[in-house]
Amino acid sequence: QRNLVGSCKMVALCSYETTKLVRIHSVRLGSLKWTLNATVLVVVFVVSLVMLWNRKYQQFDQVVSSVTAKVKGVAHMQLPGEGAVIWDEADYSGFLQDKNSFFVVTNIIMTKNQKQGRCPEVPGRQCQHHSDCERGAWDQRSHGIQTGSCVKFDALARTCEVVGWCPVEAKNKPPRPALLASAEKFTVLIKNNIRFPAFNFIRRNILPEMTESYLRKCQHANDSLCPIFMLGDVVNRAGENFSTMAVEGGVIGIQIKWDCDLDHLTRRCLPAYSFRRLDQKESNKTLSPGFNFRFAKYKTVDGVEERTLYKAFGIRFDIMVFGQAGKFSFIQLIIYIGSTLSYYALVTDIVWSQDKAVSD
């Protein structure tokens, strides 16, 4: 009995099984098979094209970037109370510089000869009696700290007296047209250095073949790779009007996209620039339209410190860099081919199910 069991095990171990193949003469099943085969071939062909177009055979890495910007230009403008002045980049672009943005002043409200002292607040909140003013009070709209006195602002209004820089800033609406509307002719040079760590690949938007003479001429030649832009062109390509936007200011996004193919036969790594407005432009739909901030220039007159307060309106340009690089990966190619070949299994399954239905 033991020998018999051992012989059976040896027979099972040394045996070989194969699928029995049955040829069925059926027009319907034959047509279904070749139709499915043709469909799968078409699908595989389309999927292969998609693989080549989307570079599914590559390994990808995201861009790491740094950006600097340099603005150039000189403006001649008429400042109320001062007359004609000349501003260069140190005057209109030396503020709010960030690693990925730059700011250009386009309009100004100026309050001259401010000194530390007491003066009436602007007529935003009027008063009739001293009891209407709280000593030491202050809020976000105040220009100083209240003294507790109600004083005359002009012939028609009385406001609470404050301690602060006097006279307080009285205007709140920017001049129209903008005082620095000529800023649309200023230029900016954008320098963008990128790196793809996975491939140890480094590049910048100022390509090696770009000479100084090229940079002087490219902005006038509508060169899509030119890293120098006129500010008016940037705003116009974002779908806005520079003269209108310059009155209250705003925020423009400069987008630099890198879509790089690092394979030797198809190597390509060039920047693509696009522009859009980022803030809400309709003044009647937002509480604080545009973009503005304040700064002051100080001086001493007869031993007393004075300042000129500037409320500067302007356009902030945010530079956003994004993109990826791809390089051939054998593993990615095998994964994609394997997932594509799995479509052939559908043909066998469908024909087998139809065959079983016919047999039943």
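Predicted model: local features only at pLDDT ≥ 70, side-chain atom pairs only at ≥ 80, totals over all residues.

Colleague: Let us begin with the peptide bonds. Which residues does a cis peptide bond join?

Modeller: A cis peptide bond joins Cys166 and Pro167, with omega at about -5°. A cis bond also joins Arg176 and Pro177, where omega is about -5°. Pro167 is placed in the loop between strand S7 (158-166) and strand S8 (187-196), and Pro177 lies in the loop between S7 and S8 as well.

Colleague: Where does a residue other than glycine have a positive phi?

Modeller: Asn113, in strand S5 (residues 101-120), has phi near 55°. Asp302 also has phi near 55°, but Asp302 belongs to the loop between strand S13 (292-301) and strand S14 (304-328).

Colleague: How is the accessibility of Asn113 and of Asp302 to be classed?

Modeller: Asn113 has a relative accessible area of 39%, and is therefore partly exposed. Asp302 reaches 80%, so it counts as exposed.

Colleague: Is Gln114 buried or exposed?

Modeller: Gln114, which lies in strand S5, has a relative accessible area of 1%; because buried means under 20%, Gln114 is buried. The side chain of Gln114 makes a polar contact of 2.7 Å with the side chain of Arg307. Beyond its neighbours within four places in sequence, the contacts of Gln114 include Trp165, Cys166 and Pro167. Cys166 and Pro167 are the residues joined by a cis bond.

Colleague: How is a pair of aromatic rings described?

Modeller: The description uses the distance of the centres and the angle of the planes. In this model the count comes to eleven aromatic pairs. The rings of Phe102 and Phe317 have centres 4.8 Å apart and planes at 15°, so this pair is stacked. Phe102 is in strand S5 and Phe317 in strand S14, so the pair ties together parts 215 residues apart in sequence. Phe102 is buried at 1% relative accessible area, and Phe317 is buried at 1%.

Colleague: What are the distance of the centres and the angle of the planes for Phe229 and Tyr273?

Modeller: Their centres are 5.0 Å apart and their planes stand at 70°, so the pair is edge-to-face. Phe229 in strand S10 (residues 228-230) and Tyr273 in strand S12 (residues 271-277) are 44 residues apart, and the pair links distant parts of the chain. Phe229 and Tyr273 are buried.

Colleague: Which residues do ring pairs link into a cluster?

Modeller: The cluster consists of Trp87, Phe103, Phe291, Phe293, Phe295 and Tyr310.

Methods
Residues numbered from 1 in each chain as written. Heavy atoms only, no water. Helix = DSSP H or I, 4+ residues; strand = E, 2+ residues; numbered from the N terminus. Buried < 20%, exposed > 50% of the residue type's maximum accessible area, 1.4 Å probe, protein only. Polar contact = N/O pair within 3.5 Å; in protein donor to acceptor, adjacent residues only side chain to side chain. Contact = heavy atoms within 4.5 Å. Phe/Tyr/Trp six-rings, centres within 6.5 Å; stacked < 30°, edge-to-face > 60°.
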